[in-house]
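Visitor: I'm new to this one. Could you walk me through a few spots in it?

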Amino acid sequence: MVKRGAKASISEDGESSQLLNESESKHSEPAKKRLKTKSLYRQPTVNELNRLQETENLFNSNLFRLQIEEILQEVKLKEKTEKKIQTWFEGLKKHLENIPEDDTEYDLTEKTLVKKLKVKLPVSNQLDKTKCVFKFHKFKNLELVGSYALGCSVNSKLVVDIQITVPAEIYTKNDSINYRYHKKRAAYLAYVASHLKTLDTVEDLSYSFLNGCQTQPVLDFKPIGKLGNHITARIHIACEAEAYKLHRFGPARNNLRETWLLNKEIETNSDVGPPTPYYNSSVLSDITASANIDFLKETLRNSENLKQAVVLLKIWLRQRKLQVSGFVISMLVAHLVQTKRINNIMSSYQIIRNVWISLKTSQWDKGISLHKDTSSPSLSEFKFPVVFLDITGYYNICWQMSAGTYEALRREASLAVDMLDDGSVNSFIPLFMTPITPLLQYDYILRFKNFPKLKQAVLNQAPLDSKVNYGIDELPLVVETLHSLLAKGLTCRADLIQPMVEADFSWPVGKAYEKMKDGYEEKLCFGFVLNQEHALNIIDKGPAANLPEAEEFRGFWGDKSELRRFQDGSITETCVWEGDTLSERRSIPRQIVEYLLKMKYDIPTTDLFHILEQLNSLTTRKQYTREKRIESEESALAALQAADDLRRDLRALTHLPLDVSAVYGTSSVFSYCDPTPPLPAPPYNPWRRGGTCLIKDIEKDGVFQAPEFVPVCKTVVELGHSGKWPGELEAFRCLKAAFNLQIADRLNKQFDLPTHAYPTHIDVLKNGLVFRLVIAHPKEITLLRREVENGVVKFKESEESIKLQRDTVLLPRLRGALHGLHQRHPSFGVSSCLLQRFISAHLLAPHFPPLVSSLLTARVYTSPSPHAVPVAPQVGFMRSLRLLCETNWGSEMVVLDFNGDMKREELLEIETKFSQRDATAPYMYIVTSYDGDLPSVWTMQAPTKHTVLRAQALARNTLAFMENKLMKDMLDNVLSAFVPSYAGYDVLIHLHPSLTPYLSERVDVKPKPKALPDGAGDVIPVVEFNPVTKYLDELKSAYSDFALFFHDYYGGEIIAVLWKPDIGDEKDFQVASASALRPTGKSDKYKVNTAAIVEDFKILGAGLVKHVTVNT
């Protein structure tokens, strides 16, 4: 018997090795050491077990560990680049060390030094009145500092920090006051810049202010050549610690005289004024720089995990655009090491988790300190919004951080911990890979069209002590003042008020700052994360009228404050805001902001730009606005109330063989997701037929007029249990029809409701709305699955059984879950309506089911990471667009777990099915917790891959368009994003406007408002009569092999046609597919006759089609 040998086995070095033949003799080529195939299934080695245990103990998951290792490798500087940086720095250092000594004394109020150096001093004209004499002394120390020196750098946008320590002899004892220190500091930096101009390995020398602070100029430049594409260098000026005693700059000391600040000519008085901790910190940052850098180096030395954690935290901050420096984060890590909250044995994952937990529970407003000695001032003496003292105990490293930035940092840390704890998502992506933009992060953004005017108004009313404290740095004073005002006014309505400052300004060293800043504008805006529970409150209750706080309340709110008596008998000061509908109540934060800025600083509303309500008109029925606005939410609520009334009536029916046990709504209106909910619209002068009416042929100017489109509210009715239902499908349906007749009769007799029974359903008029009742029973689904093959009964899913199960079993549950989601987050329904309007406006409605839009929006609310759940519908809509365009639907799926009760085993099973799906599976794979054995049943038919790709391109461009309009141009009109482009379509079928439903709701149509009809009526109007969709159905039925049809359901009067790519191909004649072909003139070759098909479009749409345009 001959053995059958394998071709090759798997060798340790990844190559195939030759096997021994049956005679055990070796081949002519020497065989390599081989690993038997069965060793693939051997027990894991000790190293592998250790790594697995390490991953389990030290990391969130194995995937998370791999992703962290990958991103750290990605952002790490290449060894080749590091060598280039070191070589370049050595040359730079050598050049700077050759700066000659200069014994000349320069009066800095004159231009002598500037003329000699041929570069300008990086100071503003406000310091011209500061008199001091400068004499250059050569520095003693030049070193690399910052993230690069600590080994915590990120290779993207890398700034290599270089610190020059200025000798103590430069400064005198009295230089600490009135910006003399800062002016000498600027002169020293100019001296360095002048010498650097002669170095041929650097270019683009420019000044900038560190963190926008005018007293801290730095020198920026780039290496020439390719290295300059990777890094930017920045020279910082530090001061020797021996120059001053630290207590001179204590938080209670004054170093900026009031007379100097207010007298714009000369100093005339030396009286000591109020404390200037802000001014003092600008000097302390230089004096303590070396000590803090040495402390960080000592802490991070030989601790790779701590360095990796700092890198990850910096990536996290950068993705969130938080204005928190890497230095602050590094010092926080060092603080946690010092307090033994973390150590260098922990993994990088454990460290960042502990940092986030620490931030989440921190109270930096009360202060923390790295200094453990009692000789320094106490934390309570530091009057800053945020206090984090350095190793010396005198310098607050967060002296420039606003209270809003700190609250944002805490909030983001809290969200990060929640993401890590959520096992259902891969938290790595939202934490480190997803950039966050303000437009998607904040529910409400406030911008200023005339910021210089507001800035001056705030400064004019600022307290004198604050002016002296901040000195010439006016922007931080304005930011803190406005933040305090808005926080006090909005109280609990906003969970976060985040100031966003754009003040990064740089200019060439040869140009004067004052000349270069002409035309440059500082920008400030505020982002608000609203509180869902309190943001819509109409009333702000103040203190009781007899309390001392009442006077303060009246002083703050002015004329808006009034006395009110409440039902509990209390009489309090109160502010009442306007808001009749939910949409109007969402504007209350805007009302408060406008009122406060007008009252306090006389800023008109025209100078403010609010990003909040730009899309409100899309959920308002423009057709019915003669008397008052009709919001989609209000209409949906009325429909739900009518449905509840009808449910009670159905359950109270008597004389039925089986009682009604349950009633479920399945239309989108039941989850507030219908952009045009049904309204009571009794027909005018109808042709009656029993409880219903017929369509009249009404012509106007030779064109037929369609009746008002009336949608139905679809409802599933379940009857009580019975074992007497027939076992045959036809008999079963006949019995259902009999039940329909009886239920319709009893509703009419017991409750006097107009009804009409059909074999498949019942139409009922309740409160002016038409409800369509469909009886559902699980046995019907079983009968549809039943097949008989060779006398054997088998049960197999069919297209009809899947549709029935989806519509009568799964959809009611899903609709209930969406309704519950809206109850928890009231902006969900409106966000879903906006997405549906967007999809439909771009003609994708026939290919993109409305329910899919609702599911995409639901994902934003059930899994909002990396954000919090949106409160403003506009933000929910834009996040839905981002989800749509950034998801790789070919390899990713969306799982909706509405109540968080899906077990890990279920999720793994769903992931397995998704990974093993075949070509017939839907391209957009959306699974809910109610799908059962039919995962992604909602996208089984549509949308197709091409539809999704088109929708993604539209969503991507729309987000970019809105970003430009709202954040850059400050323009309100973004509704043009909902106007379709007809370029690229082959045929355009123009319809008569009078036969197009919802024509007035379209964005680019000027509505003709009319009053909503009064009265509920006593006859069921013509329902679901939409000539356009019926025409579309006929077109798709007849010509779907040749073309795709696109249309806007909400007022579209054009049907766009796109020929399929093979429409121009020559084909052989076949009887089975001979329709619409014409001979080409060649033997046995035919082409599709597009001209004849276009004529068919006209014939099929006679009376509805106005004309047809063929694009060539």
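Visitor: Which residue in β14 is the bridge partner of tyrosine 207?
Guide: This is a predicted model, so everything here is computed from it. Three bridges join strand β7 (residues 202-209) to strand β14 (residues 506-508), and the two run antiparallel. In that pairing, tyrosine 207 has as its partner tryptophan 507.

Visitor: And which residue in β8 is the bridge partner of valine 202?
Guide: Strand β7 also pairs with β8 (residues 217-223), antiparallel, through six bridges. The β8 partner of valine 202 is proline 223.

Visitor: How many of the eight residues of β7 are buried?
Guide: Strand β7 has bridges to β8 and to β14. It is mostly covered, and the count of buried residues is six.

Visitor: Is glutamate 573 buried or exposed?
Guide: You'll find glutamate 573 in strand β18 (residues 571-576). Its relative accessibility is 3%. Buried means under 20%, so glutamate 573 counts as buried.

Visitor: Which side chain joins that of glutamate 573 in a polar contact of 2.4 Å?
Guide: There are a couple of side chains to look at here. The one from serine 561 makes a polar contact with the glutamate 573 side chain at 2.6 Å. The 2.4 Å contact is with the side chain of arginine 554.

Visitor: What is the handedness of the crossing of α18 and α20?
Guide: The axes of α18 (residues 474-490) and α20 (residues 549-557) come within 12 Å and cross at roughly 115 degrees. Leu485, Lys488 and Gly489 of α18 meet Glu552, Phe556 and Trp557 of α20. The crossing is left-handed.

Notes. Residues are numbered from 1 along each chain as its sequence is written. This is a predicted model: local features need pLDDT of at least 70, side-chain atom pairs count only at pLDDT 80 or more; totals for chains, interfaces and linings use all residues. Side-chain values use heavy atoms; hydrogens and water are left out. Helices (H or I, at least four residues) and strands (E, at least two) are DSSP runs, numbered from the N terminus. Buried means under 20% relative accessible area, exposed over 50%, partly exposed in between (1.4 Å probe, protein chains only). A polar contact is a pair of N or O atoms within 3.5 Å; within protein, one must be able to donate a hydrogen and the other to accept it, and residues adjacent in sequence count only if both atoms are side-chain atoms. Axes are lines fitted to C-alpha atoms, for helices over the stretch in contact, and angles run from 0 to 180 degrees between N-to-C directions. A crossing is left-handed if the near helix is turned anticlockwise from the far one by less than a right angle, and right-handed if clockwise. Contact means heavy atoms within 4.5 Å. Two strands pair if DSSP finds at least two bridges between them.
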